[in-house]
Amino acid sequence: MNGMGTAIVGLFALTLAASAAFKPPTPQQIQALVTNQVYIAELIKGATATQAVEVLVKAVEAVSNAGLADDQKTIRVAILTAIVFRSFAPQAVMMAEMLVPLVSVNVLPVMAAATAVVMGSGASPVTEAFASQLDSGDAALVRSAGVHPETILPADLILTLGVQVSHATPPGGREPTALPLAPPIREVPGTPPGPAPQYRGQ
């Protein structure tokens, strides 16, 4: 086998190894993200960008069905989004495009705001990727959230994310363990999960 063939085989083996390292999370692991958002960093280890999006979508769905107040859902979704997007910064635009049809339109301003905070000056194409598939009204809200995340996210969360995430980290880089956990859930026994969250205060 010549040098080129050896290199191709080696690259293929590395790709398979990276793919094999990722195990789709169980429903129990997804549910755990409602109370421990930084755990998503473990669940997306070895994942492709597409697999990471699938995990994030399931995590957002779990938060949406947790019977929490809207502000608590916003905090949790923002932290989950921040961790995933900073871990896959080179694929952020593609991931945003993939997410739009997979999550409620009401959660997209939260995602755009969180991405704007963690990606800084590099967030504009991501914000546009979130907005480009929406109608004019929803797109305007998403673009506004990307430019003014303080209208969507609590000030203390923005400060923490901005300090801890000075630049996007590729997979295998610094773990986002310093990110804050959302406050613990205080659910009323017997209370069923509420409807899809109205993250825009509607």
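Is Phe 130 buried or exposed? Phe 130 counts as buried, at 0% relative accessibility; buried means under 20% relative accessible area, exposed over 50%, and partly exposed in between, with a 1.4 Å probe and protein chains only. The structure is a predicted model, in which local features need pLDDT of at least 70 and side-chain atom pairs count only at pLDDT 80 or more, while totals for chains, interfaces and linings use all residues. Residues are numbered from 1 along each chain as its sequence is written, and side-chain values use heavy atoms, with hydrogens and water left out. The protein chain has ten helices and zero strands; helices (H or I, at least four residues) and strands (E, at least two) are DSSP runs, numbered from the N terminus.

**Confidence**

- The protein chain has a mean pLDDT of 80, and 70% of its residues reach 70 or more; pLDDT is the predictor's confidence in each residue, from 0 to 100.
- Residues 3–18 stay under 50 in pLDDT, and the model has three contacts for them beyond four places in sequence; contact means heavy atoms within 4.5 Å.
- Residues 166–178 are also below 50 in pLDDT, with 21 contacts in the model beyond near neighbours in sequence.
- Where pLDDT is low, the predicted coordinates should not be read in detail.

**Overall fold**

- Along the sequence, the pattern of the protein chain reads α-α-α-α-α-α-α-α-α-α.
- Of the 202 residues in the protein chain, 43% are buried.
- Among contacts between residues at least 6 apart in sequence, 75% join residues at least 24 apart.

**The largest nonpolar core**

- The largest nonpolar core holds 62 residues, of which Ile 40, Leu 56, Phe 85, Leu 99, Met 111 and Phe 130 touch the most other members. A nonpolar core is a set of buried Ala, Val, Leu, Ile, Met, Phe, Trp, Tyr and Cys residues joined through side-chain atoms within 4.5 Å.
- Two or more residues of this core come from each of helix H3 (40–43), H4, helix H5 (70–87), helix H6 (92–99), helix H7 (108–119), helix H8 (124–131), helix H9 (136–147) and helix H10 (155–164).
- In soluble globular proteins, nonpolar side chains tend to be buried together.

**Phe 85 and the aromatic pair**

- A search of the whole structure finds one aromatic pair. Rings of Phe, Tyr and Trp (its six-membered ring) pair if their centres lie within 6.5 Å; planes under 30 degrees apart count as stacked, over 60 as edge-to-face and the rest as tilted.
- The partners are Phe 85 and Phe 130, in a tilted arrangement with 5.9 Å centre to centre and 45 degrees between the planes.
- This pair links distant parts of the chain, with Phe 85 in helix H5 and Phe 130 in helix H8, 45 residues apart.
- Phe 85 is buried, at a relative accessible area of 0%.
- Not counting residues up to four places away in sequence, Phe 85 touches Leu 56, Ala 92, Met 95, Ala 96, Leu 99, Thr 115, Val 126 and Phe 130.

**Helix H6**

- The buried residues of H6 include Ala 92, Met 95, Ala 96 and Leu 99.
- These residues lie on the same side of H6, because they cover an arc of only 100 degrees around the axis; the arc is that of the directions from the helix axis to the C-beta atoms.
- Among the elements that cover the buried residues of H6 are H4, H5, H7 and H8.

- Gln 51 is placed in helix H4 (residues 49–64), and its side chain reaches the backbone nitrogen of Thr 48 at 2.8 Å.
- Leaving aside neighbours within four places in sequence, Gln 51 is in contact with Phe 22 and Gly 46.
- Ala 49, also found in helix H4, counts as buried at 9% relative accessibility. Not counting residues up to four places away in sequence, Ala 49 touches Phe 88, Gln 91, Met 94 and Met 95.
- Arg 86 lies in helix H5 and is buried, with a relative accessible area of 1%.
- Thr 127, in helix H8, is buried, with a relative accessible area of 8%.
- Val 147, in helix H9, is exposed, with a relative accessible area of 59%.

Key. A polar contact is a pair of N or O atoms within 3.5 Å; within protein, one must be able to donate a hydrogen and the other to accept it, and residues adjacent in sequence count only if both atoms are side-chain atoms.
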